[in-house]
Each structure stands twice: as C-alpha cells, then as structure tokens.
Amino acid sequence: MNSTSRRRFLAVAGGGLGALAGCSSLQESPGGPSAGGDTDTPVPGTVPTADERLPLPMSPEALRDEARSGGPSKDGIPSIDQPRFVDAGDADFIDPGDPVFGVVRDDVAKAYPQKILVHHEIVNDELAGTPVSVTYCPLTGTVQGFERGGTTFGVSGRLINNNLVMYDRATETWWPQILATSIPGPWNETPDIESLREFRLVWTTWERWQTHRPETEVLSTDTGHARNYSGDPYGGYNPRTGYYKNDSLLFPALSDDDTFDRKTVVMGARTPNGAAAFLKDALRENGLMAGEIGGTPVLAVYDTGLDTAYVYRNVGEGSFELQDGTAVGEDGTRYDPDDLPLERIHTFDAMWFAWAGYYPETNVYE
C-alpha cells in the first residue's frame, strides 16, 4: 500500500484523519532506569535527554535518507495536546479484550486505549507532575513513553522502517520512535545526536489492567477531534484482523530477516551496548529466559497477570524460579515480576520486522 492509499485509508476509517491539521516499569521514578539523571523543572525550548546514546543501525544521515512520507503531512495525524481522563467505571467505550497501554507513577495509574491512540499516535500528557509524551506506532506495534520537558511532540508525517518519526516542537528535530534518538531532518539539519529519557508503558488488555489497577484513570474519547474511536483504520486486535493479522507491510522494511513471521511479537530490550529480543510466546511458555546484551547476562521474566515481561541485568547470574506468578530467589524470597532485586532494562513489545530492521545485530531468544 503506497502513501496515497494509506492517506485514503486513514481518512475513510478515521473520519477525515488526513484532512485535519494537527503516530515502565509500572512504578517508576521520573528518570526511570534508562533515563539520564534527575528530572529538573521543564525549561521551554528544551528536550530532556539521557546520559548515554542508544545504538543506531546506521548513521543518522543514512537514517534520514530512509525516511518516506506516510501519507498525511506534518501534524496531519494530530497529537492529543489537552488529554482528558475518565474513571474506570465510566470507560464504557472499551471492551475487556481491547488493548490498553498502562503506566503507574507515584501511585497515579493511567490507561491509554489503543483504539484512541491509533488515530493520534501521540498524547502530550503529565504523569504525577512530569510532562511526558505517550507515543504509539500502529505499523510496528510499539508504544513508548518519553519525557518532553518544556515542549511537546508531534507526528512528522514521515516513516522509517514503517515506524513513526516524531518531531519536537521546540527544535523541530526528528526522533524515530523505536530508536528514541535524534536524527537530522528538513526542519533541523544539525541536531545534537542524543537519546530521549524513556519510561515503560505496559501493553495489556483493559480487563487485565483494570484488575491490576482498578483506580486507574482512562484517556477519554473527548479529545477535541472528531473521530470514530470505535473503528481502527488498520484492522483490529479484539479479535486480531487486517494489518495486525496478515504478513504484509505498507512500506519497505529495513530488514528481510525471516527468523519469525513479520508481525510476530517480541519483547525487545536495548542498551547503549546492544539489543536482545525475546519471543513473547516463548516467554509465556517458559516464564523465565536467560540471555545476553552487549556481553552482560540478562534475565527476562514473564508477568502472567498483565501478559507482559521485564528484562533485568543479571551480572551475578542469580537464579530464580517462577511460581504462581511470582519470581522466587535462591533464598526463597518472592518477588513480583516487575520488582526483582536487579537493574531493570527498558523493554517493550514490537513486531519482529521492525525490531530486526533497527537492531540487525540483536540477540534472539525463542
């Protein structure tokens, strides 16, 4: 499907999407485990960045050359800049099996329904007083949270590796979502090449999230935009249909690696020293999986309650067992899957083709 047909596709399903101006740890400190230090008061015109840069698959300039129009122009897919929330009991527009993206910070729990984000891709919000952007790319099945400081993020209208390219409205720098790292673009040709401060959102279902956090707030359909939030322009997840079920892509990928089917979901983790992908079905089956990132032993732990996983640095190669949904250490101490006494590595769901394209040297565990 080319960019013209994608534009038409979005316009028909989204009530004119292309025509209107405008793609954690559950309990995490504002800086997060991969963020670069303490959070300061937001300064207008600045974007918070991490102390260390994440890996890129090629030079920033080469990545820029891979960018292509996704159809809608800059801000043609409008970000939600004044989000409103409702209590869980008032979220009657979500079915139990619908995907939501959940996060908790300082005991503030929020859920962002996939059926809303598919029409906007970016929500500029606050979590417990910290300005953040919640971002979702439907073509790569990735949800990412970033600190935004004194600015907001918008949808550039460009894609690389089928993945959303964001831009910040302070410097107009391009930021490919999965890479979380700046590259040159037509509105800022010479940005500093830095990585954003990230935080974890959990891809789960509304039923699972509401059980886990019954006090959660939910992003409202009162977004200020006229959209049919009961429809997904790409198909559906409940049940899985359309783009999310078939093996076709709308644009060329950076990799043709066929280790798995293109849309197979992996839990991806990366550090400045390397990357690893754990097949999500294998995590469901095994519960615990050992691996390595950049020569450092890591441990992936499956969470049966939320159907997600967490990856930890396991330098001492400590031994754990998963029993009744909790990780049990060698001394018998029990830990929730998101709270092992190890350093957590930022981890998120991704379609295999997207992960393999951006991290061609990734370790793979299945």
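How many bridges join strand 20 to strand 24? I found three, with the two strands running antiparallel; I took two strands as paired if DSSP finds at least two bridges between them, and helices (H or I, at least four residues) and strands (E, at least two) as DSSP runs numbered from the N terminus. The model is predicted, so I note that local features need pLDDT of at least 70, that side-chain atom pairs count only at pLDDT 80 or more, and that totals for chains, interfaces and linings use all residues. Residues are numbered from 1 along each chain as its sequence is written, and side-chain values use heavy atoms, with hydrogens and water left out.

I traced an open sheet of four strands in the order 18-19-20-24, with antiparallel pairing. Strand 18 and strand 24 (343–345) are at its edges with a single partner strand each, so one side of each has no neighbour in the sheet. On average, neighbouring strands here are turned by 35° against each other, direction ignored; for this, axes are lines fitted to C-alpha atoms (for helices over the stretch in contact), and angles run from 0 to 180 degrees between N-to-C directions.

I then followed the pairs along the sheet. Strand 18 (residues 288–293) pairs with strand 19 over six bridges in the antiparallel sense, and Leu-288 has Val-301 of strand 19 as its bridge partner. Two residues separate these strands in a hairpin, where Gly-294 in the turn has a positive phi of about 55°. Arg-313 in turn has Glu-343 of strand 24 as a bridge partner.

Why did I mark strand 19 as largely enclosed by the rest of the structure? Six of the eight residues of strand 19 (residues 296–303) are buried, where buried means under 20% relative accessible area, exposed over 50%, and partly exposed in between (1.4 Å probe, protein chains only).

**Entry: the mixed sheet**

I found another open sheet of four strands, in the order 25-16-17-26, and its pairing is mixed. Strand 25 and strand 26 (363–365) are the edge strands, each with a single partner strand, so one side of each is left without a neighbour in the sheet. Strand 16 (residues 265–271) and strand 25 are antiparallel partners over five bridges, and I located Met-267 opposite Asp-349 in strand 25.

**Entry: the largest pocket**

I read about 500 Å³ of space for the largest pocket. Of its 26 lining residues, Tyr-237, Arg-240, Lys-263, Val-265 and Arg-284 are the closest to its centre. Strand 12 (202–205), helix 5 (280–286) and strand 25 (347–351) are the elements giving two or more residues to the lining. A pocket is, on a 1 Å grid over the protein atoms alone, an open set of points where a 1.4 Å probe fits, with protein on both sides within 12 Å along at least five of seven lines, and lining residues have an atom within 4 Å of a point.

**Entry: one side chain**

I placed Asn-124 in strand 5 (residues 122–127), and at 1% relative accessibility Asn-124 counts as buried. A polar atom of the Asn-124 side chain lies 3.0 Å from the backbone oxygen of Phe-153.

Terms used. Grid points are joined across faces, edges and corners, and a volume is the space filled by probe spheres set on the points. A polar contact is a pair of N or O atoms within 3.5 Å; within protein, one must be able to donate a hydrogen and the other to accept it, and residues adjacent in sequence count only if both atoms are side-chain atoms.
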